[in-house]
Amino acid sequence: MPTTGQILLLILAILLFSTGGLLSLARTWWDRETLRIAAKACLWCGVAVSLGVLLWHMLSRPGGSWIPLEDNFEAFVWLAVLLTGFVLYVQRTRPLGGLDWFVMPIVILLLIAAGVLGKAKPQEYVGTTWYWIHLSTVLTGALAFAIAGATGAMYLQANRRLRSKSLPQGPKLGSLERLERITFTSVTLGFALLTIGLITGLVVLKARGQSRLGDNWFASPKVLLAFAAWVVYAIVLHAPINPSFRGRKVALLSIFGFVLMIGTLVAVNFVPAGGGAH
Amino acid sequence: MQRLLLLGLNHASAPLAVREKVTFAGDARDRAVDALRLQFPQAEIALLSTCNRVEIYAARETHGHPRAEEMIEFLANFHGIDAASFSPHLYQKTDTDVVAHLFTVASSLDSMVLGETQILGQVRDAYDAARERGATGALLNPLFQRALAAGKEVLSATAIGEGRVSVASVAVDYARRIFDSFSDKVVLSIGGGEMAALVLQSFAQLAPRRLLICNRSPERAAELALKFNGQAVPFENLSDHLTAADIVVSSTGASQPIITARQVAGLRKAMRYRPIFLIDIALPRDVEPGVGEIENVYLYNIDDLQQVVSGTMEQRKDAVEAARAIVTRQVDGFLAWHRAREMGPMIDRLSKRYHLLATEELARTLNKMPNIGDAEKAHLEELTRRIVNKLLHDPITMLRRSEGLHGTTSQYLHALERLFQLNPDGDGSDNADGEADLAQDA
């Protein structure tokens, strides 16, 4: 469970990410190099503060493992950090205008989720090999789906701009082709990881005798939502076979799939049988 | 005292036929800098040569070399041409005008296409080449460095580089917003009008996988195919070409649409529903408006494109004003630095020279007064020092405020140098800093 100090640092990270996103957004009206540098600096500082929180949380945990991925708090902060890392990597290698506008709200929501839902206790099955495989694949998959969701939203916005035929306002969002490619690659990767995550999750449940989710474990919101997300992404991956499933449809489904994925990670915390984001 | 000189020609002063005669292609520019350096070892030299301009920048002593006529002669000799063939197209600038010109060039405000970014790299390249050859020094180094900084600021702080100013470039801009790469794309041109040729030229520069030219006249199709390294295809198989195409440029003289919504909808499956970009620049239109409502089909007609062009031009007015303000500020900053750099040593020499004269005259007088005490001697020394400072105070103050009064500061400094014979080599005084003394007494 995070301490008050850690929560305060988390708030600082949220403020830094928010400032970075706003500064980047401000460049739509006032495109200055200083703004770009300041926005980038805010994101780097946000990442540093988030990593600091993770380290502090890991070290202050009594009898925890050496991997800082033991509870909801750490899982959500990791997702936020990796997502920001993706933004910084893309903007450094081949910039994609407006990427941070679409990703930062997700990052901020993840950090808020870490603060609110991070108080759940670690799972009783923490420490098994299957558990770690399940956890790492599901979280990496969630990261890929978050990227797909963000670039899917960017695709819709870029498509709307093109359809409106108006004078381009604000930074270019990247070509539709590139956005679709990133979305599709992310979904492909995320789907593979989610599949492994679901299978290993079932193995973990079986090993625990389905005690936590009950005898009707297959009807629990967590399993149902995860399966629904899996089905949605399977439809997205169907696009190469049926090309009419491309463009806007892929973008919309990627966003919908990500919402379901977040639902799996977040909403089940409020269901007694859910037992945490893991 | 150093003076700046610029001799050059550009797209506004000389036609292409003249520019191509005096351009420095390949390593010719570097050889030319070496040759100029050899011919005028006391001068600083830089040579800017692009497809739109050839300019020689020189910094030299007031009565030094090269002079304009020597630079013209150099250009003629280097290229082995008659000076009369290009000299009428040359422009010549000095001092402040050189600074303002270079800053304007580096900021792309003097370019054929406002806001193009290539020129900044070309100025940097010209400067680097000259610097590596030891051709730049105390004046051209800061001049080019500040010009590059000004250019960078203009391009990053204003919207001058954004948007496009021709229908063809707007079409390419939209294509870039749909497609990421063009090496795997097929461009189809239907019709062969002048506008289509311009648009096609822009797309040909993107090096698409295939460039199909479809025209009712096979001869015209073959002509355009040859010009743009494309492939002439028969007009009768238009549907097949549409199926293969990613980008379609249409500009026929047909009185009815030649591409209908039903036709395109029927071809979508064969196209595997991939995005298709249609540019209809024909009047009357070649493509039914309904085509643009099909999923993943992006249709732009001449009005759509021209609307963006006019909007961009409107946006650019503000950007150009902002860019000019930045250039003016940077030029003023450089000139202030340059004035301070030139004026300081000149005032120092003036002060030292007159203090030396006063000291010599005082010594001569004191020799005639053998009984004078040390205290009186000190009073007399102080008196002469103060008189010199008082006499010099007004001219120096006026000099500091000289810019724009009746000439440039350089002209005032030059006059001062001549009137008071302030040749730096002839001043052997080692008096205390005269300028500091003046400031103290004033």
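Axes are lines fitted to C-alpha atoms, for helices over the stretch in contact, and angles run from 0 to 180 degrees between N-to-C directions. Two residues are in contact if their C-beta atoms, placed from the backbone, lie within 7 Å. Helices (H or I, at least four residues) and strands (E, at least two) are DSSP runs numbered from the N terminus.

This is a predicted model, in which local features need pLDDT of at least 70 and side-chain atom pairs count only at pLDDT 80 or more, whereas totals for chains, interfaces and linings use all residues. Residues are numbered from 1 along each chain as its sequence is written, and chains are lettered from A and ligands numbered from 1 in the order in which they are written.

Two strands pair if DSSP finds at least two bridges between them. Strand 1 (residues 2-10) and strand 3 (residues 53-61) of chain B run antiparallel and are joined by nine bridges; Asn10(B) has Arg53(B) as its bridge partner in strand 3 of chain B.

A second open sheet of chain B holds six strands in the order 7-6-5-8-9-10, with parallel pairing. Strand 7 and strand 10 of chain B stand at the edges with a single partner strand each, so one side of each is left without a neighbour in the sheet. The twist of this sheet averages 20° from one strand to the next. Helix 7 of chain B lies across strand 8, strand 9 and strand 10 of chain B, running at about 165° to strand 9 of chain B.

Within this sheet, four bridges join strand 5 to strand 8 of chain B in parallel, and Ser189(B) has Val249(B) as its bridge partner in strand 8 of chain B. Strand 8 of chain B is also joined by four bridges to strand 9 (residues 276-280) of chain B, again in parallel, with Asp280(B) in strand 9 of chain B as the bridge partner of Ser250(B). Between strand 8 and strand 9 of chain B the chain passes through helix 11 (residues 261-267) of chain B, and this β-α-β crossover is right-handed: with the strands pointing away from the viewer, the path from the first strand over the helix to the second runs clockwise.

Along strand 8 (residues 247-250) of chain B, Ile247(B) and Val249(B) point one way and Val248(B) and Ser250(B) the other way, and all are buried. A residue is buried if 20 or more other C-beta atoms lie within 10 Å of its own, exposed if 12 or fewer, and partly exposed in between, with C-beta atoms placed from the backbone.

In helix 9 (residues 218-227) of chain B, the buried residues are Ala221(B), Leu224(B) and Ala225(B). Seen down the axis of helix 9 of chain B, these residues fall within an arc of 105°, so they line one face of the helix; the arc is that of the directions from the helix axis to the C-beta atoms. An α-helix has 3.6 residues a turn, so residues three or four places apart point the same way. The cover over the buried residues of helix 9 of chain B includes strand 5 (186-190), helix 8 (194-204), strand 6 (210-215) and strand 7 (231-234) of chain B. Glu219(B) and Leu226(B) are exposed residues on the face of helix 9 of chain B turned away from its buried side. Just after helix 9 of chain B, Asn229(B) takes a positive phi of about 55°.

| Chain | Buried residues and chain length |
|---|---|
| Chain A | 47% of 278 residues |
| Chain B | 40% of 442 residues |

Chain A has eight helices and zero strands, whereas chain B has 15 helices and ten strands. Of the contacts with a separation of 6 or more, residues 24 or more positions apart account for 78% in chain A and for 75% in chain B.

At the interface, 18 residues of chain B are in contact with 17 residues of chain A. Helix 6 (140-157), helix 7 (167-178), strand 10 (297-301) and helix 12 (302-367) of chain B each supply at least two residues of the side of chain B that touches chain A. That side comprises nine nonpolar, three polar and six charged residues, where Ala, Val, Leu, Ile, Met, Phe, Trp, Tyr, Cys and Pro count as nonpolar, Asp, Glu, Lys and Arg as charged, and the others, Gly among them, as polar.
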